[in-house]
Amino acid sequence: MATIIPLDQVDPALIEELLDRAFEPERQKRTAYKVRDGMDWLPGLSFAALDDDDYLVGTIQCWPIALTDPDGRAHPMVMVGPVAVLPGHQDMGYGKALTLASLAALDDTKAKAGPLPQVLIGDADYYGRFFGFSAEHTGGWAAPGPWEPSRLLVRCANPAILPEKGMLGPWRN
């Protein structure tokens, strides 16, 4: 059974070690890192999973990003991920619990217009089936670096508000 706690209660060195073990030290060259370059993760939306012995086994981070449309207007969004679970603890529900915690926190922040659109790079079947993410509205979007268009996903209560084209990058207001 996972215990979910705020990520800011975890030593940053342990977070980095977990990310290295879950992915690899070269992970920082990935497109998702370029999209959120220079930004700090959002504490109220980022969580850690502890196992039954209170060992850190997973994390999820959310980041402030924007989609800048062709007219130069930045549309704020939240990048969800990485969802990182130690190799020996994968397929045990930790990643799902972490994602549900972040999305619940996002949904709790609803203003009259609803929460900001959420973006991630991941498996469309998994994130679509369990969490409502889709690549349907991201076909005209670009990102810094290589990515598979079918893996660029968005979750949004009203997709009609999303620009058809734009470049993802850090949210700098």
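This note sets out points on the fold of the chain and on the pairing of strand β3.

1. Basis of the model. The model is predicted, so that local features need pLDDT of at least 70 and side-chain atom pairs count only at pLDDT 80 or more, while totals for chains, interfaces and linings use all residues. Residues are numbered from 1 along each chain as its sequence is written, and side-chain values use heavy atoms, with hydrogens and water left out.

2. Overall fold. The chain holds 4 helices and 8 strands, where helices (H or I, at least four residues) and strands (E, at least two) are DSSP runs numbered from the N terminus. In sequence order the pattern reads β-α-α-β-β-β-α-β-α-β-β-β. The chain is as compact as a globular protein of its length, because its radius of gyration is 16 Å, close to the 16 Å that the globule rule gives for 173 residues; the radius is taken over C-alpha atoms, and the rule is 2.2 Å times the number of residues to the power 0.38. The C-alpha trace spans about 50 × 35 × 30 Å along its principal axes.

3. Of the 173 residues in the chain, 43% are buried, that is, under 20% relative accessible area with a 1.4 Å probe and protein chains only. Taking contact as heavy atoms within 4.5 Å, 66% of the contacts between residues at least 6 apart in sequence join residues at least 24 apart.

4. Strand β3. Two strands count as paired if DSSP finds at least two bridges between them, and the partners of β3 discussed below are β2, β4 and β8.

5. Pairing with β2. Strand β2 (residues 47–50) runs antiparallel to β3 and is joined to it by 4 bridges, with Ala49 standing opposite Gly58 in β3. The two strands form a hairpin with 5 residues between them, and Asp54 in the turn has a positive phi of about 65°.

6. Pairing with β4. Strand β4 (residues 74–85) pairs with β3 in the antiparallel sense over 10 bridges, and Val78 in β4 is the bridge partner of Pro64. The hairpin of β3 and β4 has 5 residues between the strands, and within this hairpin Gly72 takes a positive phi near 90°.

7. Pairing with β8. Strand β8 (residues 166–170) also pairs with β3 in the antiparallel sense, over 4 bridges, and Gly169 in β8 is the bridge partner of Ala66.

Note on methods. Buried < 20%, exposed > 50% of the residue type's maximum accessible area, 1.4 Å probe, protein only.
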